[in-house]
Amino acid sequence: MRKPGSMKGLEDLGRIRLSQNFFFRDFLHSEIADFHRIPNIPEDPDLAIEAGRRLCQELLEPLEATFGRLHIRSGYRSPDVNRFGNDNNLNCSTNAATAAHHIWDMRDFDGCMGAAVCIVVPWMLDRYTDESDWQRLAWWIHDHLPYASLCFFPKLWAFNIQWHERPKRVIQSYISPRGILTKPGMTNWEGQHSEWYEGFPALKS
């Protein structure tokens, strides 16, 4: 698929179904793009579609089936949108660091494909209130889903969840306790962590 060069082309891209419940249009909204009038359009739609499908099918669909509707905060970012965000201190990393993450149509340093989205799980907001409760969901995802990386943020317990061809399975947070929750080599990385998410629903596929 060529990069859309018209509104009709962008409509066609938005109609592409990535999984049972998600279409590409669900991931195109960006406050940076809207406010600063920068088109948020993939340079390589085919790569973005393939990476987005893996993200949706392997991670977002099981989450939505298990916990109910997900709220998408930030999905795909074009290289131009992300570069502007980084240059203007709008909470965006460099394009090189964001490749195969929010920039779905750019492979990373190792030539690998990946995609990430920032989401909120309303099910969590309705049931937990302590600042550190984000760890409950983090450990549930760690034990049940093939994520590549997770990063949690203070507002609404929003978090980035990434699918990647070579998942590192690292969890970090900007909420207390801040820093790395787990990564390969840490003693808490292996095994089950069910004591953290007692009362959570069973995984639904």
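In helix α7, the residues Trp-134, Gln-135, Leu-137, Ala-138, Trp-139, Trp-140, Ile-141, His-142 and Asp-143 are buried (buried means under 20% relative accessible area, exposed over 50% and partly exposed in between, with a 1.4 Å probe and protein chains only). The model is a predicted one, in which local features need pLDDT of at least 70 and side-chain atom pairs count only at pLDDT 80 or more, while totals for chains, interfaces and linings use all residues. Residues are numbered from 1 along each chain as its sequence is written, and side-chain values use heavy atoms, with hydrogens and water left out.

Nine of its 11 residues are buried, leaving the helix mostly covered. Helices (H or I, at least four residues) and strands (E, at least two) are DSSP runs, numbered from the N terminus. The buried residues of α7 pack against α3, α6, β3 (149-152), β4 (159-164), β5 (170-173) and β6, where contact means heavy atoms within 4.5 Å.

The axes of α3 and α7 come within 12 Å and cross at roughly 125°; axes are lines fitted to C-alpha atoms, for helices over the stretch in contact, and angles run from 0 to 180 degrees between N-to-C directions. This angle makes α3 oblique to α7, since angles under 35 degrees count as roughly parallel, over 145 as roughly antiparallel, 65 to 115 as roughly perpendicular and the rest as oblique. On the α3 side, Leu-63, Thr-66 and Phe-67 meet Leu-137, Trp-140 and Ile-141 of α7. By class, this contact has five nonpolar residues, one polar and no charged ones (Ala, Val, Leu, Ile, Met, Phe, Trp, Tyr, Cys and Pro count as nonpolar, Asp, Glu, Lys and Arg as charged, and the others, Gly among them, as polar).

Aromatic rings come next. The structure holds 15 aromatic pairs, with rings of Phe, Tyr and Trp (its six-membered ring) pairing if their centres lie within 6.5 Å, and planes under 30 degrees apart counting as stacked, over 60 as edge-to-face and the rest as tilted. Phe-67 and Phe-200 form an edge-to-face pair, because their ring centres are 5.9 Å apart and their planes stand at 80°. Phe-67 lies in α3 (residues 45-67) and Phe-200 in the segment after β6 (179-182), so this pair ties together parts that are 133 residues apart in sequence. Phe-67 is buried at a relative accessible area of 6%, and Phe-200 is buried at 10%. Phe-200 also pairs with Tyr-128; here the centres are 5.9 Å apart and the planes at 40°, so the pair is tilted. Tyr-128 sits in the loop between α6 (122-125) and α7 (134-144), so its pairing with Phe-200 joins parts 72 residues apart in sequence. Ring pairs link Phe-67, Trp-123, Tyr-128, Trp-140, Tyr-197 and Phe-200 into a cluster.

The backbone has some points of interest too. Most residues other than glycine have a negative phi, and most peptide bonds are trans. Leu-156, although not a glycine, has a positive phi of about 60°; this residue lies in the loop between β3 and β4 and counts as partly exposed at 47% relative accessibility. Arg-169 likewise has a positive phi, near 60°, and is found in the loop between β4 and β5, where it counts as buried at 18% relative accessibility. The peptide bond from Ser-176 to Pro-177 is cis, with omega near -5°, and Pro-177 belongs to the loop between β5 and β6.
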